[in-house]
Protein chains: 2
Amino acid sequence: MSHPLDAAFSALADPTRRAILTMLLEDDMAVSDVAEPFDMSLAAISKHLGILSRAGLITQEQRGRVKWCKLEPDALRDASIWMQSFGQFEAVNLDAFERFLASELSDDR
Amino acid sequence: MSHPLDAAFSALADPTRRAILTMLLEDDMAVSDVAEPFDMSLAAISKHLGILSRAGLITQEQRGRVKWCKLEPDALRDASIWMQSFGQFEAVNLDAFERFLASELSDDR
DNA sequence: CGCATATTCAACCATTCGGTTGAGGTACGC
DNA sequence: GCGTACCTCAACCGAATGGTTGAATATGCG
């Protein structure tokens with residue numbers, strides 16, 4: 001997995017990881033708080049966070065015995081820019097955007 | 001892989017598949033023409049095209065004995081829109097965009 | 001100090017992925 | 001109609017993924 005886009009896109013490919021990113025959009029979180037809503041072991045979430053971190057999508061800062069996770073939009077921007085190069089779709093249509101977000105939020109997890 | 005974004009992002013995670021999409025940006029292509037520049041069996045490329053197709057990123061139309069592959073920007077737009085929801089980065093910076101494209105094109109893949 | 005909390009490590013497991021090869025199945029050119 | 005060009009299928013392979021459990025490692029609290 002040499003190219004940074006490989007890491008970014010394959011990190012984004014997992015719904016658990018996308019959900020984590022969405023949670024981090026609200027605020028920085030400790031690892032166990034990230035894990036809380038998921039029906040999955042803490043170790044599994046820890047691995048997911050490692051993947052997001054290696055992809056550059058988040059950063060983690062150890063403070064005391066808790067490790068804080070913070071969204072890092074730079075890698076996301078690179079991926080977004082790559083996709084914009086397929087600019088055959090016009091600048092984001094806000095109506096479509098809101099409809100999309102609504103359907104996204106009505107999903108499980 | 002239930003969510004459509006899963007398919008789109010994991011399809012985008014492979015450099016061969018991103019290269020194929022870039023090629024299709026130029027023009028529609030037959031399967032064997034897509035395969036030509038890659039150091040890989042035709043069957044492997046055929047699989048990649050199947051993945052791109054199932055992800056909705058391309059469509060394939062059989063015409064005679066050749067199957068034409070066509071970029072399908074809709075799924076790409078959905079993925080792009082999802083990323084825009086992390087709108088902490090401002091509207092695409094064109095300078096960064098061009099620098100990015102330059103570095104992307106100088107890559108092997 | 002001694003215990004609880006927060007997180008990772010290590011080993012393991014089933015499944016998927018990305019590739020190969022070889023054998024088809026169709027459509028076209030002569 | 002025969003051969004060839006185009007593409008996929010099927011079986012296989014090694015490596016990576018996404019999860020588990022149990023033990024280990026820090027750090028903070030009383």
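I'll start with one residue pair: in chain B, Thr59(B) sits opposite Lys70(B), which belongs to strand 3 of chain B. Before going on, note that this is a predicted model.

That pair belongs to a longer pairing. Strand 2 and strand 3 of chain B run antiparallel to each other, with six bridges between them. The sheet of chain B is open and has three strands, in the order 1-3-2, with antiparallel pairing. Its edges are strand 1 (29–30) and strand 2 (58–63) of chain B, each of which pairs on one side only. As a reminder, strands of a sheet pair through backbone hydrogen bonds, either parallel or antiparallel.

Now chain A. Its secondary structure amounts to six helices and three strands. Read from the N terminus, the order of elements is α-α-β-α-α-β-β-α-α. Strand 1 (residues 29–30) of chain A pairs antiparallel with strand 3 (residues 66–71) of chain A over two bridges. In that region Met29(A) is opposite Cys69(A) of strand 3 of chain A. Strand 2 (residues 58–63) of chain A also pairs antiparallel with strand 3 of chain A, here over six bridges. Ile58(A) has Leu71(A), in strand 3 of chain A, as its bridge partner.

What lies between strand 2 and strand 3 of chain A in their hairpin? There are two residues between the strands, and Gly64(A) takes a positive phi near 70° in this hairpin.

Two totals for chain A. Of its 109 residues, 28% count as buried. Among its contacts with a separation of 6 or more, 52% are between residues 24 or more positions apart.

Next, the DNA. Gly64(A) comes up again here: together with Ser41(A), Ala44(A), Ser32(B) and Ser46(B), Gly64(A) is among the nearest of the 21 residues around DNA strand D. Helix 4 (42–54) of chain A supplies at least two residues of the surface near DNA strand D, and so do helix 3 (31–35), helix 4 (42–54) and strand 3 (66–71) of chain B. By type, that surface has 11 nonpolar, six polar and four charged residues.

Around DNA strand C there are 22 residues, and the closest are Ser32(A), Ser46(A), Ser41(B), Ala44(B) and Gly64(B). Which element gives the most to this surface? Helix 4 of chain B does, with five residues. Helix 3 (31–35), helix 4 and strand 3 of chain A each supply at least two residues as well. The division by type near DNA strand C is 10 nonpolar, seven polar and five charged.

Last, helix 2 (residues 15–26) of chain B. This helix has 12 residues and spans 17 Å from its first C-alpha to its last, close to the 16 Å expected at 1.5 Å a residue. Its buried residues are Arg17(B), Arg18(B), Ile20(B), Leu21(B) and Leu24(B). Viewed down the axis of helix 2 of chain B, these buried residues fall within an arc of 155°, so they line one face of the helix.

Pro37(B) is placed in the loop between helix 3 and helix 4 of chain B. Is Pro37(B) buried or exposed? Pro37(B) counts as exposed, because it has 12 C-beta neighbours inside 10 Å.

Technical notes:
Residues are numbered from 1 along each chain as its sequence is written. Chains are lettered from A and ligands numbered from 1 in the order in which they are written. This is a predicted model: local features need pLDDT of at least 70, side-chain atom pairs count only at pLDDT 80 or more; totals for chains, interfaces and linings use all residues. A residue is near a molecule or strand if its C-beta atom, placed from the backbone, lies within 6 Å of it. Helices (H or I, at least four residues) and strands (E, at least two) are DSSP runs, numbered from the N terminus. Ala, Val, Leu, Ile, Met, Phe, Trp, Tyr, Cys and Pro count as nonpolar, Asp, Glu, Lys and Arg as charged, and the others, Gly among them, as polar. Two strands pair if DSSP finds at least two bridges between them. The expected span of a helix is 1.5 Å times one less than its number of residues. A residue is buried if 20 or more other C-beta atoms lie within 10 Å of its own, exposed if 12 or fewer, and partly exposed in between; C-beta atoms are placed from the backbone. The arc is that of the directions from the helix axis to the C-beta atoms. Two residues are in contact if their C-beta atoms, placed from the backbone, lie within 7 Å.
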